[in-house]
Amino acid sequence: LGRFTRQTREALGEVRSLMGSPANAQGQQPTLEELVGRIIGDYEEILDVSLSVKTALFLRKVRPEAEDQLVPILREAFVNVLQHAGSNKASLKVSQIGEQVALVVANTDATTTNLALATPTDVLARERGIGLESMQSRIQHLDGRFAFESKFGVFTIKLQIPIEAVFEAK
């Protein structure tokens with residue numbers, strides 16, 4: 001969370017004020033910003049996460065059913081960075097691609113673990129039981145797409161989800 005805490009929160013506060021988007025009151029659905037901040041906060045003791053946001057969607061409220069799927073998906077993605085990539089440094093990139101929100105989680109330091117040297121097919125065959133299959137199943141509930149790759153020591157998980165499946169109507 002190190003780099004996320006001060007600089008990113010201040011920058012997001014400025015963006016929010018420029019857009020006229022106040023922080024949510026308690027009892028309302030969280031914004032994607034709040035949801036991501038909560039998840040990153042859960043890992044702040046063991047994982048240094050850099051955050052890159054390239055969309056105003058980050059400030060919109062997340063649908064309850066999307067929250068139910070995204071929280072475990074993102075947690076599992078960070079666990080994969082810790083366990084499989086053998087890294088304590090990760091990045092989370094949030095962007096918009098057409099009518100989809102894209103979330104990409106990756107380790108930011110190349111490693112030479114067995115997983116990092118394996119092909120995606122090998123990894124999927126070994127890990128099919130829990131994490132990757134669970135993420136794929138959850139993302140399908142949101143009509144989204146899930147992909148991962150392990151190249152040159154970088155373990156990357158990519159999610160693309162239709163905007164209307166993630167966010168409440170304006």
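Visitor: Which residue in β5 stands opposite A106?
Guide: T156 in β5 stands opposite A106. This is a predicted model: local features need pLDDT of at least 70, side-chain atom pairs count only at pLDDT 80 or more, and totals for chains, interfaces and linings use all residues. Residues are numbered from 1 along each chain as its sequence is written, and side-chain values use heavy atoms, leaving out hydrogens and water.

Visitor: How many bridges join β3 to β5, and how do the strands run?
Guide: Start with the general idea. Strands of a sheet pair through backbone hydrogen bonds, parallel or antiparallel. Pairing here requires at least two DSSP bridges between two strands. β3 and β5 run antiparallel, joined by seven bridges.

Visitor: How many helices and strands does the chain have?
Guide: Seven helices and five strands. Both are DSSP runs numbered from the N terminus: helices are H or I with at least four residues, strands E with at least two. Along the sequence the pattern is α-α-β-α-β-β-α-α-α-β-β-α.

Visitor: What is the strand order in the sheet?
Guide: The order is β1-β2-β3-β5-β4, in an open sheet of five strands with mixed pairing. β1 (48–54) and β4 (145–151) are the edge strands, each pairing on one side only. From one strand to the next, the twist averages 15°. Angles run from 0 to 180 degrees between N-to-C directions; axes are lines fitted to C-alpha atoms, for helices over the stretch in contact.

Visitor: How many bridges join β2 to β3?
Guide: Eight bridges join β2 (residues 89–97) to β3 (residues 100–107), and the two run antiparallel. S95 has A102 in β3 as its bridge partner.

Visitor: Which helices pack on the sheet?
Guide: Helix α2 (residues 32–42) is one of them, touching β1, β2 and β3, at about 165° to the direction of β2. Helix α6 (residues 131–141) also packs there, touching β4 and β5 (154–162), at about 150° to the direction of β4.

Visitor: At what angle do α2 and α3 pack?
Guide: About 35°, with the axes of α2 and α3 (residues 64–83) 10 Å apart. L35, V36, R38, I39, I40 and D42 of α2 meet E67, L70, V71, L74, R75 and F78 of α3. Contact means heavy atoms within 4.5 Å.

Visitor: Is L103 buried or exposed?
Guide: Buried means under 20% relative accessible area, exposed over 50%, partly exposed in between (1.4 Å probe, protein chains only). L103 has 2% relative accessibility, so it counts as buried. L103 lies in β3. Beyond neighbours within four places in sequence, its contacts are L70, L92, K93, V94, I157, K158, L159 and I161. Its C-alpha is 6.5 Å from that of Q160, 57 residues away along the chain.

Visitor: Which residues of α6 are buried?
Guide: G131, L132, M135 and I139 are buried in α6. Their arc around the axis (taken from the directions from the helix axis to the C-beta atoms) is only 95°, so they sit on the same side of α6. D143 follows α6 and has a positive phi, near 60°.

Visitor: How many residues of β5 are buried?
Guide: Seven of the nine, leaving β5 mostly covered. In the chain, buried residues make up 45% of the 170.

Visitor: What joins β4 to β5?
Guide: Seven bridges, with the strands antiparallel. F148 stands opposite I157 in β5. Their hairpin has two residues between the strands, and F152 there takes a positive phi near 50°.
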